[in-house]
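Have the sequence and the 3D view ready as you read.

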Amino acid sequence: MRIDLHTHSDRSDGTESPAELVRRARTDGIDVLALTDHDTTEGWPEAAEAAESTGVTLLRGIEVSCTFAGFGVHLLAYLPDPTYGPLADELRRVLDGRTARLPATLARLRGVGVEVGVDDVRAVAGDTAAMGRPHVADALVALGVVGDRNEAFDRYLGPQGPAYVHRYAADLETMIGTVADAGGVTVLAHPWASRHNHQALDERGIARLQRAGLAGVEVDHEDHSPPVRRRLRALAERLDLVVTGSSDHHGAGKVDHDLGCNTTAPDQLDRLLDLAAAAAAASGRATPRVLGGCRR
Ligand code: AMP
Ligand code: ZN
Ligand code: FE
Ligand code: FE
């Protein structure tokens, strides 16, 4: 059984539609797929329909942009009720921050002699509900300024780049509680992908998040080297956290992130689903079902 719990469609910054993503999971031999677009549930209905017709088991999720101790942290939220007011309101705030950042980013680019219009970005951003730097990167590629997204981040859009602009993100501890109140379950995405995250998310920090309701940590991710994975897995075992692995697939938007390049063990998925069922029961909310072949 192959389980991939972190993927993106073109409703955020992936390049495949939700249905294409689910069909690719089928052809690539993925049995259980989570769609976790950045800050939006826009892709859920289309992915659900594709899951029902292909037999791929689908977990509907979100990768929420958060902050903790001044650092940006990504939080994977699985199976929350998307109509829960505090969750919907906070996601709206994050998405508004994404939209508001675009003109500021383009002004910075103009400042270093690179002319890109809002229309250039909208033209490549397609159906996205979560405007982001990858779309600006795609516009730079289309205009021939850079060769690929990576080069755009390296030269202009990365945190040290001349066109970097801060945007609003949700408070991490509060969001963990909000997702639980919405009947969902949370996992820290690639917690040690950068040195900054590593500082804030040490064992004490992660234990604190666990007390706030955090269920697990994503250990097997391309941005974690083998020694980082070993240390993080040991930490997860000490704290008895769920351990996941996933591709963070973005279609053609990220190289070396093919579906299933990292996977989650079935017993760890079972633990997550048990915790999600308990959160759903405690919240009394109508949370999304796990759809498709391996339905439980
Ligand atoms: P944003 O959502 O606008 O803050 O942009 C961050 C997103 O850009 C991340 O979630 C990744 O999906 C993507 N990203 C970050 N660095 C790179 C890179 N070097 N190449 C391609 N995509 C990247
Ligand atoms: Zn992304
Ligand atoms: Fe992420
Ligand atoms: Fe991601």
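How many salt bridges does a search of the whole structure find? It finds 17, where a salt bridge is a side-chain nitrogen of Lys or Arg within 4 Å of a carboxyl oxygen of Asp or Glu. Before we go on, keep in mind that this is a predicted model, where local features need pLDDT of at least 70, side-chain atom pairs count only at pLDDT 80 or more, and totals for chains, interfaces and linings use all residues. Residues are numbered from 1 along each chain as its sequence is written, chains are lettered from A and ligands numbered from 1 in the order in which they are written, and side-chain values use heavy atoms, with hydrogens and water left out.

Start with Arg24 and Glu16, whose side chains form a salt bridge at 2.6 Å, N to O. Glu16 is buried at 8% relative accessibility, while Arg24 is partly exposed at 35% (buried means under 20% relative accessible area, exposed over 50%, partly exposed in between, using a 1.4 Å probe and protein chains only).

Now find Asp81 and Arg285, which meet in a salt bridge at 3.0 Å, N to O. Asp81 sits in the loop between strand S4 (71-78) and helix H3 (85-111), and Arg285 in the segment after helix H11 (266-283), so this pair ties together parts 204 residues apart in sequence. (Helices, H or I with at least four residues, and strands, E with at least two, are DSSP runs numbered from the N terminus.) Asp81 is buried at 5%, and Arg285 is partly exposed at 30%.
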